[in-house]
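Me: I would like to learn how to read a sheet and the core around it. Can we take them one feature at a time?

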Amino acid sequence: MKKILIIDDDRIFAKVLGEALIQEKFTLVEATNGVDGLTVFEKERPDFVVLDMKMPGLDGIGFLKQLREKNENKIPTPILIVSNFSDLTQVSEGVSLGIKGYISKTEKTIESIVEDIKRILETEERLRQKTQLGK
Amino acid sequence: MAIGGNLLFIVIGVIAVLAIIGYLIWDRGRIKKITALHETALNRRMYELAILKELGDRVGYSLDVHQIIDIITGSLHQFIEYSVVSYMLLAPEKVIFKLHLERSVSRAFIDDLRTRMLGSLSALLDREFKKDQVEEVISGAILVPEVDDPIRSFFNIPLVIGEKVVGVLTISHTKAGLYKEEEMTILYKIVGQASQAVTRLQDVVKTEQEKLNAMVESMADGVVMTDTDYRIVVVNPAAKIMIGAPDKKEISIFDFIDNLGGKFDIRGQLEESVKLRKPHLADRILLNDKFFQIFVFPVLSKTKLREGEVLGGVVIFHDITHEIELEKVRQEFTSMVVHELRSPLDGIKKIAEAILGKEVKRDSSSFEEYLQMIHQNSSNMLNLINDILDLAKLEAGKFEVHPVATDIKEVIEKRVAFYKFLADDKKLKLSAVVDKTLPLEIMVDPEAIKQSLDNFISNALKFTEKGEVTVAAFVHNLDKNITEEIKSLGTNFPTAFPGTLKIKAPVLVIAVADNGVGVSPEGLGQLFSKFKQLSSKAMPMGKRGSGLGLAITKGLIEAHGGEVGAVSTSGVGSVFYFVIPLLLPTKS
């Protein structure tokens, strides 16, 4: 069972997405800001992270930077940014920090976000198997 | 008899012919003389005109008295004979003494000339000059010590510009008895007209320069003009303040280079603009907390003689701090709308999708929770929309208040009771202290008071984590000390209340005091402006708002003829207050 971490201060979004993910048999862990997100990440080592951009305290970009610092300058887990702020500089900064995707909250339904998460996880899985076979 | 008669006749005839011839010869001489006189006069007149025209052409672009006198002295020889033509001109701290020698003279001649001219100048100006103040420049023929002819003819003309004597023009000769009145009249005339022309032009230039200076001086933008060697010709106070040298007298391009700290290559940009002969919009720079948009222009001559010639360059520093601030406020507002409207609305939509998609059962606990979320989100959004609409009214100056006889004590107690629940939730003490002598009824708009109180109380609760929030109401009389009045209420404000108010009349004071995070002094000034919600590091998570409440309160209270304000000590607490002129209902 894959473990997914949702870092978002938007309670409704976190709840609706969380319930949808539980129905898809994922395990769920949550945080409402970047600082808590880092703590939960270290403790739970999730398989996937859904990250909001604009949060009080440490925001999404701040979370990504600190996560890299703590993990030998690599993002150890696939991360999808789901946010209302589709600022292009933030998108490119996120990409340069190693995220898997950046999607706009309001333009996507919960269903399609769940689909995106599943697809990214499957691709990751295939890649991992390939590299293992290669060894 | 006949022969004698004939002879006589012949003699008379010959005499007559001779007389006629003689007359004719004499007359021709006379005519010639007259013509010659006419010719001389004409020549002089022509010379006069030529000089004046030449002067006119040259002074068209030069107001240099020096240069004009040089023009006159340089052409005088065509018309007057002299050994030396010279002039003395006043310059700051010195007297310029320039001589042109048509013929060689001795040193003694020149020394004598200098003494005489300096004497005239002293007499004209009623001022003493020292010998070492005189700067001598000699041109023309060489000095020959053997020529020991002294000055035998000498004529002085004062040089007057704008009713002020600026020097003397002198012609001198070793021959005696020269310089008759006639010649001098013309010389006077020429010098006089030249002076007039210069005076007139200087007046025009001075007025224009004053106008221009006044304009440049008063400009809010920094203006710097340089010549082609980057020497500063004009720099206005705004530009001096900008580089932090408001009182410095002599400003050079290096003052700018040093103080711009590499943010703007003033020299390079001027060079480019002058080279390309094109105005140039340079970057925006941040200098001492201010943003400047910089423009660079070449200065091209517009006079006919030097049309298109580059005279230098101008750099204008346009202060755009205010525009940038507005831009930021707009961005913050957009960001606020995204967060406070789009997110909750999107949340509602996603809940609806989840319910419609049957992911949530109607009898589950989640369903109940979702309904509560929808309720909360829609209330928040509605409040925000109301705030924005109120703000639109505020901007249009359409805040209407309808004062009626109101029991202030009751209004306050009701609001305190309403917020009790929220305060208890945060374990904060919320109480009201109302002056016992407060009139039973005061003329105010109860809705406006309620809304203002709501804004103050909800803010106080939001920004206070520990301690208490107190709502106080009392009447301030002009002859009483406001601090004493607060003390007699039996309460203590966490920070000093202002000793004096703007309104000079008895007022109703309502204040909300808290032990919260407090507001920084620079933050206090912005509190009541639109779209400013102060970020506070101590601000609890998820507690954002539209930030419009205080601006609306200000509008409502000002519509009552009152004033709003806040005092705060960072980390200790704040007091937000409003005062309304005390108006009691008329007894019927």
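Reply: Start with a helix: α10(B) runs at about 175° to β12(B) and lies across β12, β14 and β15 of chain B. Keep in mind that this is a predicted model.

Me: In what order do the five strands of the open sheet come?

Reply: Strands of a sheet pair through backbone hydrogen bonds, either parallel or antiparallel. Here the order is β12-β14-β15-β17-β16 in chain B, with mixed pairing. The edges are β12 (429-434) and β16 of chain B, each pairing on one side only. On average, neighbouring strands of this sheet are turned by 15° against each other, direction ignored.

Me: How many bridges join β14(B) to β15(B), and do the two run parallel or antiparallel?

Reply: The two strands are antiparallel and are joined by eight bridges. To find one pair, take T470(B): its bridge partner in β15(B) is A513(B).

Me: Which residues have the most contacts inside the largest nonpolar core?

Reply: That core has 48 residues, and those with the most contacts inside it are I457(B), L508(B), V509(B), A511(B), V512(B), V575(B) and Y577(B). Among the chain B elements that give it two or more residues are α10 (408-425), α11 (446-462), β14 (468-476), β15 (507-514) and β17 (573-581). Another core, of 33 residues, lies apart from it and includes A14(A), I79(A), I351(B) and Y370(B).

Me: What is Y577(B) in contact with, leaving aside its neighbours within four places in sequence?

Reply: The contacts of Y577(B) are then V509(B), I510(B), A511(B) and G565(B).

Notes: Residues are numbered from 1 along each chain as its sequence is written. Chains are lettered from A and ligands numbered from 1 in the order in which they are written. This is a predicted model: local features need pLDDT of at least 70, side-chain atom pairs count only at pLDDT 80 or more; totals for chains, interfaces and linings use all residues. A nonpolar core is a set of buried Ala, Val, Leu, Ile, Met, Phe, Trp, Tyr and Cys residues joined through C-beta atoms within 7 Å. A residue is buried if 20 or more other C-beta atoms lie within 10 Å of its own, exposed if 12 or fewer, and partly exposed in between; C-beta atoms are placed from the backbone. Helices (H or I, at least four residues) and strands (E, at least two) are DSSP runs, numbered from the N terminus. Two residues are in contact if their C-beta atoms, placed from the backbone, lie within 7 Å. Two strands pair if DSSP finds at least two bridges between them. Axes are lines fitted to C-alpha atoms, for helices over the stretch in contact, and angles run from 0 to 180 degrees between N-to-C directions.
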